[in-house]
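I have opened a new notebook page for this structure. These are my entries, written as I looked things up.

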Amino acid sequence: MFDHILVLCTGNICRSPVAQALMQQRFPDKRVESAGLGALVGAGVDANAGRLAADAGLDLSGHVARQVDTAMLSQADLILVMSEGQRHAVAERHPPASGKTLLMTRWVGGEDVPDPYRKSRDAFEHVHRLLVDAADGWVDKMPGR
């Protein structure tokens, strides 16, 4: 059973906070958290990501970026990452987590979700659509749903 989901990206200010909110929206009975592999610790969500999330009915106003640690990786039942590189980084940091670390986009083509940080609004819109599709893809795949 996947009761505790950890969503990771790089800085924990663009992709993973949005993905966390989308997954929490779809799985209200699950514990969904996010963190970064190289987090901008203490920062809020990127303004572009926040606006797109708000337009989709998600509230990220209280988000504070945090760095992933071994305890988080150990405690999560499922770890969702944005890229193959991040999947490998998790395995290097905490080898026991490798078997429970999957791409966020696993059920919708398995492509990497590009980092929109410091890019155009179009880049953020593209990433937001990918994350919505990816979260929707998990709806029928999540055990115990």
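**The cavity**

A cavity here is a set of points, on a 1 Å grid over the protein atoms alone, where a 1.4 Å probe fits but cannot get out, and a lining residue has an atom within 4 Å of a point. I noted which elements give two or more residues to this lining: α1 (15–26), α2 and α5 (121–139). Helices (H or I, at least four residues) and strands (E, at least two) are DSSP runs, numbered from the N terminus.

The model is predicted, so local features need pLDDT of at least 70 and side-chain atom pairs count only at pLDDT 80 or more, while totals for chains, interfaces and linings use all residues. Residues are numbered from 1 along each chain as its sequence is written, and side-chain values use heavy atoms, with hydrogens and water left out.

Which element gives the largest share of the lining? I found that α5 does, with four residues. I then sorted the lining by class and got eight nonpolar, one polar and one charged residues. For this, Ala, Val, Leu, Ile, Met, Phe, Trp, Tyr, Cys and Pro count as nonpolar, Asp, Glu, Lys and Arg as charged, and the others, Gly among them, as polar.

How many cavities of 30 Å³ or more are there in the whole structure? The search finds one. The largest cavity holds about 50 Å³ of space. That volume is the space filled by probe spheres set on the grid points, which are joined across faces, edges and corners.

V127 is buried, with a relative accessible area of 5%. Buried means under 20% relative accessible area, exposed over 50%, and partly exposed in between (1.4 Å probe, protein chains only). Leaving aside neighbours within four places in sequence, V127 is in contact (heavy atoms within 4.5 Å) with R15, V113, P114 and P116. I also checked V127 against A54: they are 73 residues apart in sequence and 15 Å apart in space, C-alpha to C-alpha.

Next I looked at N48, which is in helix α2 (residues 47–55). Is N48 buried or exposed? Its relative accessible area is 17%, so N48 counts as buried. With neighbours within four places in sequence set aside, N48 touches K119, R121 and F124.

**The strands**

I moved on to strand β1 (residues 4–9), which runs parallel to β2 and is joined to it by six bridges. Two strands pair if DSSP finds at least two bridges between them. I wrote down two partners in β2: E33 for L6 and G36 for C9. The chain goes from β1 through α1 to β2, and this β-α-β crossover is right-handed. Right-handed means that, with the strands pointing away from the viewer, the path from the first strand over the helix to the second runs clockwise.

β1 also runs parallel to strand β3 (residues 78–81), with three bridges between them. There, V7 has L80 as its bridge partner.

How many residues of β1 are buried? I counted six of its six. In a regular strand the side chains alternate between the two faces of the sheet. In β1, H4, L6 and L8 are on one side, I5, V7 and C9 are on the other, and all are buried. Five of the six residues of β2 (residues 31–36) are buried, so β2 is largely enclosed by the rest of the structure.

I took a closer look at I5, with its relative accessible area of 0%. Beyond neighbours within four places in sequence, its contacts are M23, K30, R31, V32, E33, L78, L80 and M142.

Most residues other than glycine have a negative phi. I noted N12, not a glycine, with a positive phi of about 65 degrees. N12 is in the loop between β1 and α1 and is buried, at 0%. R118 also has a positive phi, near 60 degrees. R118 sits in the loop between β4 (101–103) and α5, and it is exposed, with a relative accessible area of 72%.

Conventions: 1 Å grid on protein atoms, 1.4 Å probe; cavity = no way out; pocket = protein on both sides within 12 Å on 5 of 7 lines; lining within 4 Å.
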